[in-house]
Amino acid sequence: MNKYLSITPEIEQAIKAGKPVVALESTILSHGMPYPENVEFASKVEEIVRGEGAIPATTAIIGGKLKVGLTKEELEIMCKAEGVGKVSRRDVAVYLATGQTGATTVATTMMIAAMAGIRIFATGGIGGVHRGATETMDISADLQELAHTPVCVVGAGAKSLLDIGLTLEYLETMGVPVIGYKTKDFPAFYCRKSGFGVDYEAPDAKTVADILRTKWELGLEGGALVGNPIPEEYELDFDEMEEVINKALDAAKKEGIRGKATTPFLLAHIKDYTDGVSFASNLQLAYNNARVASQIAVELSKQFR
């Protein structure tokens, strides 16, 4: 795999030394935020990770390489997003072979992180089973990746535009532990509660690290999902968000939006329908996830030294 991996010297040295490293995706930059706000966001997230004692590792596909850590110039490419595709597992070989530039989703970031030897990944929220999936079969590749790839994903639960109940059923079937970080309730992205519970409530980062170490020492396949609720002061009302989401879903149906274009379309419309309030909440939950993921990475690095 070294033929395709391109790891920055700082991150490579940190991995070899067993220091805490946190993987970060690039789809949120290229397809989730406008330029240049995304540049500021990327800088802030990396600052938070470093502030907690970990090393940030943003992933992307550039020039036929799986990038682990980006230069300032590469980050600018991902943020400007000119000709940058959204890459899931099925697309990786195509993008590498053809030299296309791609932003990494949750699934692809997990895959690259595992190749590099990174165990912790901070994102906004995972993809999952879409509403109406019983007819469309629209199920995110993130769920299969969680079942098979040994990386812990820290996020604000699942995006609230999904069918969260079916998403959790799928994760249970695939044997993926769903851990609530200081919560018994599974968070729903903009909202702290979804109406569904988690498998286990972890009181602190060390407990999460203990669970992860035990799982992987047992040789159990796959990763884990840590549901980290959005800070209370940035939470949006659940019922109001349901109305907004249904409105966005209707718009997607009318315009014939399908597949991997669905989530960016819905998030953009939700932002418009909430006058930008959802975007501000999106930023804050991502910052919070980076903070908690870094704390878990620090605790996990102590256990594997």
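In the predicted model described here, the charged end of Arg119 sits over the ring of Trp216, at 4.4 Å from its centre; a charge is taken to sit over a ring if NZ of Lys or CZ of Arg is within 6 Å of the ring centre and within 35 degrees of the ring normal. Because the model is predicted, local features need pLDDT of at least 70 and side-chain atom pairs count only at pLDDT 80 or more, while totals for chains, interfaces and linings use all residues. Residues are numbered from 1 along each chain as its sequence is written, and side-chain values use heavy atoms, with hydrogens and water left out.

A pair of aromatic rings is described by the distance of the centres and the angle of the planes. The structure holds two aromatic pairs, where rings of Phe, Tyr and Trp (its six-membered ring) pair if their centres lie within 6.5 Å, and where planes under 30 degrees apart count as stacked, over 60 as edge-to-face and the rest as tilted. In the pair formed by Phe41 and Tyr287, the ring centres are 5.5 Å apart and the planes lie at 25°, so this pair is stacked. The pair links distant parts of the chain, since Phe41 belongs to helix H3 (residues 37-51) and Tyr287 to helix H13 (residues 277-304), 246 residues apart; helices (H or I, at least four residues) and strands (E, at least two) are DSSP runs, numbered from the N terminus. Both Phe41 and Tyr287 are buried, a term that stands for under 20% relative accessible area, with exposed meaning over 50% and partly exposed in between (1.4 Å probe, protein chains only).

The rings of Phe189 and Tyr190 have their centres 4.8 Å apart and their planes at 75°, so that this pair is edge-to-face. Phe189 lies in the loop between strand E9 (178-181) and E10, and with a relative accessibility of 2% Phe189 counts as buried; Tyr190 is buried as well.

Two packed helices are described by the angle between their axes and the distance between the axes. The crossing of H3 and H13 is right-handed, a crossing being left-handed if the near helix is turned anticlockwise from the far one by less than a right angle, and right-handed if clockwise. Helix H8 (residues 141-148) and helix H9 (residues 164-173) likewise pack at an angle of about 30°, with their axes 10 Å apart. H8 and H9 are thus roughly parallel to each other, and their crossing is right-handed.

Most residues other than glycine have a negative phi, and most peptide bonds are trans. In this structure a cis peptide bond, with omega of about 5°, joins Tyr35 and Pro36, and Pro36 is placed in the loop between helix H2 (27-30) and H3. Phe189, a residue other than glycine, has a positive phi near 60°. Ala81, which is not a glycine, has a positive phi of about 60°; Ala81 is found in the loop between H4 and strand E5 (85-87), and a relative accessibility of 23% makes Ala81 partly exposed.

With a disulfide taken as a pair of cysteine sulfur atoms within 2.5 Å, a search of the whole structure finds zero disulfides. Among the cysteines, Cys152 counts as buried at 0% relative accessibility, and Cys191 counts as buried at 2%. Cys79, located in helix H4 (residues 72-80), is buried with a relative accessible area of 2%.

Separations along the chain and in space were also computed for selected residues. Cys79 and Pro203, 124 residues apart in sequence, are 36 Å apart in space, C-alpha to C-alpha. Ile179, in strand E9, counts as buried at 2% relative accessibility, and the C-alpha atoms of Ile179 and Val45, 134 residues apart along the chain, are separated by 23 Å.

Notes. Axes fitted to C-alpha atoms, helices over the stretch in contact; angles between N-to-C directions. Parallel < 35°, antiparallel > 145°, perpendicular 65-115°, else oblique.
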